[in-house]
Amino acid sequence: MELVGEQDHGYRFGNLRLNGHSQIRVHTGIGHDNRRDFYQDRRAYVWENTDDTATLRNDHRRIVDAERWGRRGH
């Protein structure tokens, strides 16, 4: 699975399998992955606080889910 922002900052998950209605949190910073939290291990922010969209794609590059926030997210 891969998570991509509007600026094409992508993060590819290792062996991650999500069941329907599962939730995880993806952090830009440095940390240790666990069941609920995944860290991109970047030192610079890649998400816009005012507005952005995160798109989750499967291994076939098909959109699984998208989350939009900010001005365009309303």
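## A bridge to begin with

Leucine 56 has aspartate 65, in strand S6, as its bridge partner. Strand S6 covers residues 63-70, and it pairs with S5 in the antiparallel sense over 7 bridges; two strands pair if DSSP finds at least two bridges between them.

S5 and S6 make a hairpin, with 5 residues between them. In that turn, arginine 61 has a positive phi of about 65°.

## About the model

This is a predicted model, where local features need pLDDT of at least 70 and side-chain atom pairs count only at pLDDT 80 or more, while totals for chains, interfaces and linings use all residues. Residues are numbered from 1 along each chain as its sequence is written, and side-chain values use heavy atoms, leaving out hydrogens and water.

## The strands

The chain has 0 helices and 6 strands. Both kinds of element are DSSP runs numbered from the N terminus (helices: H or I, at least four residues; strands: E, at least two).

## An aromatic pair

The whole structure holds 1 aromatic pair, with ring centres of Phe, Tyr or Trp (its six-membered ring) within 6.5 Å. Phenylalanine 13 and phenylalanine 38 sit edge-to-face, 5.3 Å centre to centre with 85° between the planes; planes over 60 degrees apart count as edge-to-face, under 30 as stacked and the rest as tilted.

Phenylalanine 13 lies in the loop between strands S2 (10-12) and S3 (25-27), and phenylalanine 38 in strand S4 (residues 37-39), 25 residues apart. Both phenylalanine 13 and phenylalanine 38 are buried.

Methods
Buried < 20%, exposed > 50% of the residue type's maximum accessible area, 1.4 Å probe, protein only.
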